[in-house]
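Take a walk through this structure, from a recorded domain to a ligand shell and then to a sheet with its helices.

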Amino acid sequence: MDKTKVSYSLYLVTDSTPAILGDKDICHVVEEALKGGVTMVQYRDKQSDTGLLIKTAKKLHAITKKYYVPLLVNDRVDVALAVGCEGVHIGQDDMDLETARKLLGPNAIIGVTAGNVLEAASAVEGGADYLGIGTVYSTATKRDTKHMIGPAGVRNILEAVAVKMDKKPHVVCIGGIGAHNVQRVLLKASPPQWPLDGVAIVSAIMGSQDPQQAAKELATLVATPAFPLYALEVTDKSDFTKNLSRLRKRVAEKKPICHNMTNLVSNLCPLPPSFTVILTIRQVVQNFAANVTLSIGASPIMSSYSGEAADLAKLGGALVINAGTVTPAALENYEEAVHAYNAARRPVVLDPVGFASPPDINISYKYAKSLHSAGATAIRRSALRTLLSSGYYTVIKGNEAEILEVSKVHNMNSSSQPQQRGVDSSSGGLQPSELALLVKELAIKEGCVVVMTGVTDYVSDGKTTILIENGHEYLGRVTGTGCTLGTAIAAYIASSEEGESVLQSVVAAMLHFETAAEIAASQLQVYGPGTFVPAFLDALASIHTDGIQGLVKVKIWEEGS
Ligand SMILES: Cc1ncc(COP(=O)(O)OP(=O)(O)O)c(N)n1
Ligand SMILES: Cc1ncsc1CCOP(=O)(O)O
């Protein structure tokens with residue numbers, strides 16, 4: 001088989017364990033998967049003895065040859081040689097690449113696992129035909145994984161290696177990939193200078209009752225670009241104002257569900273003495289968020305229990321995670337909910353409220369940058385990293401400190417080395433052009449819309465970056481306004497259709513929210529944050545977006561300005 005003509009787009013890695021294969025026959029499953037469109041197969045069996053490995057590999061090779069698809073053996077060069085199949089996949093603890101190449105010869109396909117820049121660079125240098133980068137997301141299929149790097153980690157590795165080396169072998173990524181996230185993973189993990197060739201998948205095919213159908217669906221998804229964020233060709237700021245009315249009416253008509261997971265309790269045990277106060281504040285925030293959601297025209301569901309998420313995700317709404325709690329249990333809860341919404345292809349808004357600083361209550365999203373100047377603890381940073389690598393977020397929203405933390409976590413490769421990108425994010429005090437660039441780059445890397453709130457809000461989908469200067473100082477003096485902006489955004493994106501610009505919906509939500517604050521604050525009866533809250537709810541509910549055109553302060557940011 002000519003190895004230069006092989007496709008890596010849908011790479012099946014087998015598993016013979018009862019947990020995944022069950023009582024199915026491995027040869028039958030692999031043949032069905034080939035019928036469905038798998039383009040490469042790796043026989044991975046960690047338990048069988050050498051005799052059985054060779055016997056099964058021979059049977060599999062007879063099948064893969066019928067479909068002109070290469071068969072590789074995991075770890076075992078000796079088995080590959082005995083079978084005469086097309087190659088091997090070796091990990092960092094297996095036979096070294098040089099020896100494997102000597103034994104198998106130049107025509108063999110040799111793939112190498114890489115989990116960080118050093119491993120990837122050394123495999124490229126050594127002449128690997130492809131890199132298997134991972135682990136992307138946590139997976140029950142492989143428990144001995146050192147790092148979960150998320151799609152952004154894959155992308156960071158490829159970007160860093162591309163700078164150092166000219167050779168660009170094929171590349172796939174692996175770990176926790178299935179129909180629910182494959183398009184997003186490919187979008188987020190592929191740098192333009194070295195896009196991924198495909199994905200390697202175990203359980204989503206080997207564990208399926210209908211492997212042919214599973215492979216067929218995955219092959220279609222791999223061949224179809226992800227839901228485009230960039231549907232809107234922005235030429236001027238009126239692109240963001242002319243549709244306000246239509247988008248607002250649509251929220252009111254559809255009344256989408258906004259599922260809020262609001263966790264402001266920082267329960268790093270033992271519980272802090274102020275626990276009761278914090279719990280009370282959390283309830284207040286939930287109450288306020290629910291009222292804002294209703295006033296906007298959407299339907300709030302306040303549920304922090306992920307067990308319900310799979311059912312709620314099917315109701316056509318959006319999930320808002322106000323992540324404040326960093327215990328392992330809380331993280332699992334968030335992760336499970338994100339998986340459920342990703343699987344249902346519904347939007348998720350992440351507000352990493354508790355991740356930028358030690359225990360604190362994010363009472364506001366505007367005028368309150370100093371609240372978060374302390375920076376994240378190691379636990380918070382690691383929790384944020386887990387959360388970011390556990391699924392796909394449609395929107396990531398935070399104040400400057402929170403977005404800086406997200407960006408720092410992104411810029412770490414899997415060996416936890418921060419790669420500074422030119423701005424010292426820890427020092428704060430970034431110039432407006434630096435903030436705009438930061439938000440834009442994060443949006444590109446995450447493949448989502450990023451919102452950085454402040455006196456000026458920066459909003460970007462990676463292609464267009466918008467500056468919004470609406471809002472009112474009272475928003476910074478009321479508990480929970482940061483969280484409720486997330487809910488407003490969720491309501492708007494939950495009402496949008498696939499293929500529409502997410503950025504436009506996000507900007508519409510922010511303008512609705514922030515101009516309502518201005519209208520409320522200008523009422524005669526409003527003379528402080530207390531009187532502001534009811535007037536704000538009234539303004540949110542009664543606002544006519546046609547009538548706010550004059551209030552809107554939106555600019556399109558031009559790079560270099
Ligand atoms: C395509 C692909 N990529 C990565 C791996 C992981 O290999 P390794 O690190 O050797 O871990 P085990 O598979 O041996 O558990 C892979 N198998 N395939
Ligand atoms: C072999 C391997 N290497 C890294 S993750 C993984 C298993 C991936 O399994 P799944 O596709 O079921 O998540």
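An unreviewed UniProt entry places the feature "domain: Thiamine phosphate synthase/TenI" at residues 10-205. UniProt positions follow the numbering used here, feature names are shortened, and annotations may be inferred rather than shown by experiment. The end C-alpha atoms of residues 10-205 lie 11 Å apart, and the span is 40% helix and 18% strand. Helices (H or I, at least four residues) and strands (E, at least two) are DSSP runs, numbered from the N terminus.

This is a predicted model: local features need pLDDT of at least 70, side-chain atom pairs count only at pLDDT 80 or more, and totals for chains, interfaces and linings use all residues. Residues are numbered from 1 along each chain as its sequence is written, while chains are lettered from A and ligands numbered from 1 in the order in which they are written.

Turn to ligand 2. There are 15 residues around it, and Thr139, Thr141, Gly175, Val202 and Ser203 come nearest. A residue counts as near if its C-beta atom, placed from the backbone, lies within 6 Å. The shell has six nonpolar, eight polar and one charged residues. Here Ala, Val, Leu, Ile, Met, Phe, Trp, Tyr, Cys and Pro count as nonpolar, Asp, Glu, Lys and Arg as charged, and the others, Gly among them, as polar.

Now the sheet. Nine strands form an open, mixed sheet in the order E10-E9-E11-E12-E13-E14-E15-E16-E17. Its edge strands, E10 (299-302) and E17 (554-556), each pair on one side only. Neighbouring strands are turned by 20° against each other on average, direction ignored. Two strands pair if DSSP finds at least two bridges between them.

Follow E12 (residues 348-351). Strand E11 (residues 318-322) runs parallel to E12, joined by four bridges. Asn322 stands opposite Asp351. E12 also pairs in the parallel sense with E13 (residues 395-399), over two bridges. There, Leu350 stands opposite Ile396.

Are the faces of E12 buried or exposed? Val348 and Leu350 on one side and Val349 and Asp351 on the other are all buried. Buried means 20 or more other C-beta atoms within 10 Å of the residue's own, all placed from the backbone.

Further along, E15 (residues 457-460) and E16 (residues 465-468) pair in the antiparallel sense over four bridges. Tyr458 stands opposite Leu467.

Finally, the helices. H14 (residues 328-343) lies across E9 (257-262), E11 and E12, at about 160° to E11. H18 (residues 481-495) lies across E9, E11, E12, E13 and E14 (449-453), at about 165° to E11. Contact means C-beta atoms, placed from the backbone, within 7 Å. Axes are lines fitted to C-alpha atoms, for helices over the stretch in contact, and angles run from 0 to 180 degrees between N-to-C directions.

Methods
Buried ≥ 20, exposed ≤ 12 C-beta atoms within 10 Å, placed from the backbone. Contact = placed C-beta atoms within 7 Å.
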